Amino acid sequence: RRIGNPFIWSPSNKQETVLRIDWEEHMDMIAMGEVNRLSSRQGKYLQIRPKAANASALSQTNMENGEIGMTLPRGFYLRTNFTQILLNEQ
């Protein structure tokens with residue numbers, strides 16, 4: 001597999017809009033205590049996935065009932081198909 005040259009990317013207006021919508025939807029769910037309802041299927045360009053090495057690595061979060069609970073830590077990732085589009089544009 002060919003590894004290309006590094007490049008600096010700035011999102012187009014459309015890309016920035018889609019990323020902002022994805023971000024706001026994810027953050028709204030987190031703020032509402034719905035972190036355990038997040039799915040890697042959500043988001044057009046940006047997704048949230050577990051980032052722990054195993055299921056025993058938990059972090060604190062606000063739950064839907066307002067209490068503090070434990071959940072897998074999650075990270076934001078660009079979708080593979082979106083990343084491929086960015087690479088193809090270079």
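Is Arg 37 buried or exposed? In this predicted model, Arg 37 turns out to be exposed, with a relative accessible area of 52%. That puts Arg 37 on the exposed side because the cut-off for the label is over 50%. Arg 37 also has a partner: a salt bridge links Arg 37 to Glu 34, and their closest N and O atoms sit 3.4 Å apart.

The count of salt bridges comes to two, and the other one joins Arg 20 to Glu 16, with 3.2 Å between the closest N and O atoms. Both of these residues belong to helix α1, where they are four residues apart, or about one turn of the helix. Arg 20 counts as partly exposed at 39% relative accessibility, and Glu 16 is partly exposed too, at 36%. As a general point, side chains of opposite charge can pair when their charged atoms come close.

Next comes the inside of the model. The largest nonpolar core is made of six residues: Val 18, Leu 19, Tyr 45, Leu 46, Phe 82 and Leu 86. Tyr 45 has quite a list of contacts beyond its neighbours up to four places away in sequence, including Val 18, Leu 19 and Phe 82. Lys 14, Asp 22 and Arg 79 are also among the residues that Tyr 45 touches. In soluble globular proteins, nonpolar side chains tend to be buried together.

Trp 23, Met 27 and Phe 76 make a nonpolar surface patch of about 260 Å². Of these, Met 27 sits in helix α1 and is partly exposed, with a relative accessible area of 30%.

Strands β2 (residues 59–62) and β3 (residues 68–71) run antiparallel and are joined by four bridges. Five residues lie between the two strands of this hairpin, in which Gly 66 takes a positive phi near 90 degrees. Over in strand β3 is Gly 69, which stands opposite Thr 61. Gly 69 has a relative accessible area of 12%, so it is buried, given that the label applies under 20%. Leaving out residues up to four places away in sequence, Gly 69 touches Ser 59, Gln 60, Thr 61 and Met 63. As for Leu 58, it is eleven residues from Gly 69 along the chain, and the C-alpha atoms of the two are separated by 9.5 Å.

Technical notes. Residues are numbered from 1 along each chain as its sequence is written. This is a predicted model: local features need pLDDT of at least 70, side-chain atom pairs count only at pLDDT 80 or more; totals for chains, interfaces and linings use all residues. Side-chain values use heavy atoms; hydrogens and water are left out. Two strands pair if DSSP finds at least two bridges between them. A nonpolar core is a set of buried Ala, Val, Leu, Ile, Met, Phe, Trp, Tyr and Cys residues joined through side-chain atoms within 4.5 Å. Buried means under 20% relative accessible area, exposed over 50%, partly exposed in between (1.4 Å probe, protein chains only). Contact means heavy atoms within 4.5 Å. Patches are made of residues with over 30% relative accessible area and no salt bridge: like charges are joined within 9 Å, nonpolar side chains (Val, Leu, Ile, Met, Phe, Trp, Tyr) within 5 Å. Accessible areas come from the Shrake-Rupley method with a 1.4 Å probe; for residues, only the protein chains shown count as cover. A salt bridge is a side-chain nitrogen of Lys or Arg within 4 Å of a carboxyl oxygen of Asp or Glu.
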